[in-house]
Amino acid sequence: CMHQQGGGSCLVRSTSKGFLFRFPGGAPGWQQSGTPATIETEILVAPDARSILEVIYNGPPRSGDGVQP
């Protein structure tokens, strides 16, 4: 998702501070098997897209607004 032109659906926002991405994950093959995501990652990537500035969240999936239920 992060490597798609325009950031794909996981791009939350793009500002002068960088690119904020949020995406689900899981065990290998989780998407193909149709199982729900077991992890969510939110990261801030530098404006030049060369480095991760901050791992904001990396844990169990949160509700749609990014706040723990």
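We'll start with the whole chain and then walk through a handful of side chains.

Before you click, know that this is a predicted model, where local features need pLDDT of at least 70 and side-chain atom pairs count only at pLDDT 80 or more, while totals for chains, interfaces and linings use all residues. Residues are numbered from 1 along each chain as its sequence is written, and side-chain values use heavy atoms, leaving out hydrogens and water.

**Stop 1: the whole chain**

Color by secondary structure. You'll find one helix and four strands, in the order β-β-α-β-β along the sequence. Helices here (H or I, at least four residues) and strands (E, at least two) are DSSP runs, numbered from the N terminus. Along the principal axes, the C-alpha atoms fill a box of roughly 35 × 25 × 15 Å.

Of the 69 residues, 26% count as buried. Buried means under 20% relative accessible area, exposed means over 50%, and partly exposed is in between (1.4 Å probe, protein chains only).

**Stop 2: Arg 22 and its partners**

Arg 22 meets Glu 40 in a salt bridge at 3.8 Å, N to O. That term means a side-chain nitrogen of Lys or Arg within 4 Å of a carboxyl oxygen of Asp or Glu. By this rule, the structure has four salt bridges.

Which side chain also meets Arg 22 in a salt bridge, at 3.0 Å? Glu 42 does. Glu 42 sits in strand β3 and Arg 22 in strand β2, so this pair ties together parts that are 20 residues apart in sequence.

Is Glu 42 buried or exposed? Glu 42 is buried, with a relative accessible area of 7%. Glu 40 is buried too, at 8%, whereas Arg 22 is partly exposed at 26%.

**Stop 3**

Arg 62 is buried, at 15% relative accessible area. Salt bridges with shared partners join Arg 22, Glu 40, Glu 42 and Arg 62 into one network.

Next, show Tyr 57. Arg 62 lies over the face of its ring, 4.0 Å from the ring centre. For a charge to sit over a ring, NZ of Lys or CZ of Arg must be within 6 Å of the ring centre and within 35 degrees of the ring normal.

**Stop 4: Thr 41**

Finally, select Thr 41 in strand β3. Thr 41 counts as buried, at 13% relative accessibility. What does Thr 41 touch, leaving aside residues up to four places away in sequence? Its contacts (heavy atoms within 4.5 Å) are Phe 21, Arg 22, Phe 23, Tyr 57 and Asn 58.

Zoom in on Asn 58: its side chain makes a polar contact with the side chain of Thr 41, at 2.6 Å. A polar contact is a pair of N or O atoms within 3.5 Å; within protein, one must be able to donate a hydrogen and the other to accept it, and residues adjacent in sequence count only if both atoms are side-chain atoms.
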